[in-house]
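Hello,

Here is the structure for you to look over. My notes follow below it.

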Amino acid sequence: MKANIALIGFMGSGKTTIGRILARSLDMKFIDIDRCISMNEKKTIPEIFEEHGEKYFRDLERSIIEEESKDNNIVISTGGGAIIDNVNIKNLKSTSFVVYLDCDVNTIYERVKRSKTRPLLTNSEDMLQTIQDLYDKRQTLYKISSDFSIKIDSNTNIYDSVEKIKNAYILS
């Protein structure tokens, strides 16, 4: 069994919510990579994107994932785009049981449509189409990067999902 659990998936798939509950139920530390970036930079994610661009953000993300992956007994909630960097996946897979929260596009849209904290969606004229396009580009990466996958939709019970992840982790 690997020392950590890393949650990957599209924005709005529930990584932070499920991660917190999962960490508590396994008596593990919880780390939200986006929150770490915001705290370190003393700025919101949209501010970082606006002031420095996506590449700068991805560099920060890589650095924090690399550092946090060295720790043990943690649940890591990654940002939705963390999987586009092979170094992130390599670092996560070296110490973590990687779980893909496979959330459907319509549920994602309903969860993020009013959010002002999603820089890749902020200036989108057709948010649903932007989500679909990004989702299509990333779907294969999520699947090949994960050790376990769980379907998430608007009817998913969070606690059932946590139990399924716990059981898969324990049996890994």
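In which helix do Lys166 and Glu163 both lie, and how many residues apart? They are in α8 (residues 158-171), 3 residues apart, about one turn of the helix; helices are DSSP runs (H or I, at least four residues), numbered from the N terminus.

This is a predicted model, in which local features need pLDDT of at least 70 and side-chain atom pairs pLDDT 80 or more, while totals for chains, interfaces and linings use all residues. Residues are numbered from 1 along each chain as its sequence is written, and side-chain values use heavy atoms, with hydrogens and water left out.

Salt bridges: the structure holds 12, each a side-chain nitrogen of Lys or Arg within 4 Å of a carboxyl oxygen of Asp or Glu. Lys166 and Glu163 form one of 3.3 Å, N to O. Lys166 is buried at 15% relative accessible area, and Glu163 is partly exposed at 38% (buried is under 20%, exposed over 50%, partly exposed in between; 1.4 Å probe, protein chains only).

In helix α4, Glu61 and Arg58 also sit 3 residues apart, and their closest N and O atoms are 3.1 Å apart in a salt bridge. Glu61 counts as buried because its relative accessibility is 0%; Arg58, at 11%, counts as buried too. Lys70 pairs with Glu67 at 3.8 Å, and Lys70 is exposed, at 57%. A network of salt bridges links Lys55, Asp59, Arg62 and Asp85.

Regards

Methods:
Helix = DSSP H or I, 4+ residues; strand = E, 2+ residues; numbered from the N terminus.
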